[in-house]
Amino acid sequence: MAAKAGDNPDSLMTLATEFCLKNLRNTMCYQGFKNKLCLRSDIFLPSEICDKLVNTYMELVHTNSNFEPEESFFQLFADPRSTRLTRVQLREDFVRDRDLEAIRKQDLIELHLIYCNNLSSRSLKTLICFRETLVSLCLFSCSNLFYKKGGAPLACNDDSEDSPASRQALETDFNFEGFNRLRLLNLGGLSEEVDAEVLLRPLKSLTSLDLSNVQLQGTTFLTQWKDRLTSLVLYNVDLSDELVNNVLELVNLRHLDISRESRKVTRFQMIGKILVALVQRLIHLVSLDISGHIMLDNCTVPHVTGSKNEDQVLNAIEAYTEFRPELAHRAINQLFDIARIQHCGQLLRALQLVIAALKCHKFDKSIQVTGSAALFYLTNTEYRSDQSVRLRREVIEVVLNGMEQYQEVTVQRNCCLTLCNFSIPEELEFQYSRVNQLLLKILEPARQDESIQRIAVHLCNALVCQVDNHHKEAVGKMGFVKTMLNLIQKKLHDRMCDQVMEFSWSALWNITDETPDNCQMFLNCRGMSLFLECLQEFPDKQELHRNMLGLLGNVAEVKALRPQLLTPQFITVFSNLLDSKADGIEVSYNACGVLSHIMFDGPEVWSMDEPLRETVMDKMWEAIQSWDVSSRRNINYRSFEPILRLLPQSISPVSQHWATWALYNLVSVYPSKYCPLLIKEGGIDLLEKVLELESSHHETKEMARKVMEQCENFKEDPMETNHGQEVNFEQRG
């Protein structure tokens with residue numbers, strides 16, 4: 001069988017690294033003085049492992065909400081005798097001056113600092129420690145790096161780093177003197193107060209330079225690398241004739257980017273003559289980006305980004321994601337159109353690029369909106385069969401990241417819709433607690449956006465259907481029952497019975513299945529009052545009535561809670577609902593089920609004068625006799641235990657009859673599902689006891705024999721006999 005997209009398993013190195021980082025104190029570290037994390041004395045790690053540890057740590061910090069950062073993590077790499085770092089990538093405000101200082105003794109070859117706005121000029125002094133070994137350095141958009149940290153002089157201690165860096169005075173003493181091995185440098189987003197020429201003048205051997213969004217006071221300094229520079233990025237740099245002429249001197253350039261954001265105002269005109277000069281003079285060019293200046297209709301260079309076809313769109317996402325989110329956003333939007341209207345031919349690459357963009361720009365709203373929208377179309381039914389379990393789990397994780405970060409309507413809607421493309425609860429079970437918490441958080445406020453409410457309640461309902469009881473109990477403790485009842489209360493106030501109302505009752509039906517604690521929560525949160533109000537306000541809503549009675553059937557199965565149902569008001573309501581024809585037999589069936597469990601507690605608990613116990617039992621007999629035993633059902637039993645306990649007893653023959661009828665109906669209409677279940681749970685022995693009891697009615701005994709015959713016939717010929725009919729597994733009574 002051919003491998004599915006993204007099916008390659010994680011390497012042992014990756015798995016071991018993540019495990020160690022999540023269990024530092026049980027693997028490579030111990031708790032030292034003042035709870036400081038310390039490396040064990042017998043640990044010696046090479047650069048391949050140390051680099052992986054640091055870079056994976058940063059990824060976990062930014063993408064895994066359950067991962068707790070360690071205050072002294074970077075101190076683990078302070079001593080190069082036991083740990084060796086060579087290639088480190090740090091990003092965003094999480095990184096502080098003291099983190100970089102902790103690794104100052106390491107012989108770094110490559111250091112990437114991206115959006116590290118909490119770094120101040122203290123870190124420039126640390127950079128000098130790496131000057132003899134650094135080959136590649138990125139200082140992209142570290143807005144405060146060239147400024148001394150603000151605050152009163154006496155407040156300049158480590159604790160001050162916990163607040164965002166505030167600018168004070170510009171650092172003027174730093175330049176790249178002594179960085180003789182440096183070949184690749186990215187200064188994108190360098191403050192306009194910093195003179196790039198003075199800063200760069202000492203560097204003699206650069207081969208790659210990125211000055212995106214940098215204001216250049218002069219440009220002749222570029223020619224000092226005319227024989228060495230192979231890559232130059234001047235994105236959003238104000239072009240001039242002088243700058244173009246200096247670029248033309250860089251005859252060994254292979255990659256040139258002089259693009260700009262199309263909305264950026266410029267007086268420079270990119271005329272055809274300039275383009276011709278660039279192509280003719282720079283004979284080694286293999287990629288040229290002039291987007292934002294003109295439309296590139298025909299191009300002979302091998303690697304082209306643009307919006308003309310899927311290849312160009314994916315190239316653009318790949319090229320622009322890390323340093324140009326505004327352009328990556330547009331490219332992802334183009335991919336969204338391709339996946340929605342046409343067909344995505346490079347599914348694995350597309351998904352991986354969108355996932356990478358969403359991880360990289362967790363705090364960029366535009367990326368989150370377009371990326372989550374693209375994921376919705378890239379994970380739908382058309383592409384599903386080509387995707388591996390691992391790839392789909394990556395999508396789920398990045399979608400949940402977006403839901404955690406943004407309460408904005410569009411992001412929330414896109415993320416919820418994308419989750420609907422997955423098999424629920426199976427594909428979401430590995431993040432079960434997290435996804436439920438996020439959905440309940442969405443439903444907490446009285447949102448006016450009906451679409452998000454509807455999708456979130458649908459997902460909540462699906463998540464508590466067909467899962468183990470411990471999952472339901474855990475979700476109940478998160479406030480699931482109260483949240484659903486609050487939604488119902490709001491809909492009652494608005495006098496509206498819509499899908500949100502029906503899904504909420506359905507979700508309560510599912511979450512109370514065989515979970516007494518959740519049933520108790522329902523009663524404690526005024527659930528019965530809301531039930532009565534809904535019955536009165538919406539007397540003709542059959543689906544609503546079915547869901548509510550199914551839920552109350554679960555409550556009635558709990559012996560300790562049944563006394564709360566045994567009131568004249570509730571018994572009268574249940575008795576009246578025996579006559580209901582709503583949704584076939586379902587409402588009448590569930591009302592009779594509730595009463596059957598109450599009757600099973602015996603006449604001694606029946607303390608009311610009206611209605612009489614005998615009168616209600618007579619109505620139950622009449623209702624059961626009116627049902628068609630071949631009725632198809634909107635119900636799914638995972639266990640017959642609540643029904644089976646009503647069989648071997650003489651306290652309430654009508655309860656016994658209801659239970660026997662239920663079994664006969666289910667094994668007759670759905671034998672392949674329910675005959676094995678009944679046999680497995682010992683139902684045949686209990687039915688034999690029904691036949692032995694003198695108190696059992698003749699009709700009950702006849703039905704019990706038919707159930708036993710049906711199961712015996714199924715064992716002899718275990719073929720489906722319901723002529724293609726299927727049970728609706730969305731609900732459980």
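The questions and answers below concern a predicted model.

Me: Is tryptophan 225 buried or exposed?
Reply: Tryptophan 225 lies in the loop between strand 9 (208-210) and strand 10 (231-233). Leaving aside neighbours within four places in sequence, its contacts are Leu200, Leu203, Lys204, Ser205, Leu206, Leu209 and Leu250. Since burial is assigned under 20% relative accessible area, and tryptophan 225 has a relative accessible area of 0%, the residue is buried.

Me: Which residues does leucine 127 touch, not counting residues up to four places away in sequence?
Reply: Leucine 127 is part of helix 4, which spans residues 122-128, and at 0% relative accessibility it counts as buried. With residues up to four places away in sequence not counted, leucine 127 touches Leu111, Leu137, Leu139, Phe174 and Phe179.

Me: At what angle do helix 18 and helix 21 pack?
Reply: The contact is formed by Leu485, Ile488, Gln489 and Leu492 of helix 18 together with Gly527, Leu530, Glu533, Cys534 and Glu537 of helix 21. These residues divide into 5 nonpolar, 2 polar and 2 charged. Helix 18 passes helix 21 in a left-handed crossing, and with their axes 11 Å apart, the two helices pack at an angle of about 35 degrees.

Me: Which helices do the buried residues of helix 18 pack against?
Reply: Helix 18 has 14 residues and reaches 20 Å from its first C-alpha to its last, close to the 20 Å expected at 1.5 Å a residue. Its buried residues are Phe480, Val481, Thr483, Met484, Leu485, Leu487, Ile488, Lys491 and Leu492. The helices against which these buried residues pack are helix 15 (432-443), helix 16 (450-463), helix 17 (469-477), helix 19 (499-511), helix 20 (516-524) and helix 21.

Me: Which residue takes a positive phi just after helix 18?
Reply: Helix 18 covers residues 480-493. Just after this helix, a positive phi of about 55 degrees is taken by arginine 495.

Me: How far is the sulfur of cysteine 20 from the closest cysteine sulfur?
Reply: Cysteine 20 is partly exposed, with a relative accessible area of 21%. Its closest cysteine sulfur belongs to cysteine 29 and is too far for a bond, at a distance of 8.9 Å.

Me: How far apart in space are proline 425 and leucine 463, C-alpha to C-alpha?
Reply: Proline 425 is found in the loop between helix 14 (409-419) and helix 15, and at 3% relative accessibility it counts as buried. Not counting residues up to four places away in sequence, proline 425 touches Tyr432, Ala462, Leu463, Cys465, Gln466 and Val467. Although 38 residues separate proline 425 from leucine 463 in sequence, their distance in space, C-alpha to C-alpha, is 4.9 Å.

Key:
Residues numbered from 1 in each chain as written. Predicted model: local features only at pLDDT ≥ 70, side-chain atom pairs only at ≥ 80, totals over all residues. Heavy atoms only, no water. Helix = DSSP H or I, 4+ residues; strand = E, 2+ residues; numbered from the N terminus. Buried < 20%, exposed > 50% of the residue type's maximum accessible area, 1.4 Å probe, protein only. Contact = heavy atoms within 4.5 Å. Axes fitted to C-alpha atoms, helices over the stretch in contact; angles between N-to-C directions. Left-handed = near helix turned anticlockwise from the far one by under 90°. Nonpolar A, V, L, I, M, F, W, Y, C, P; charged D, E, K, R; others polar. Disulfide = S-S within 2.5 Å. Expected span 1.5 Å × (residues − 1).
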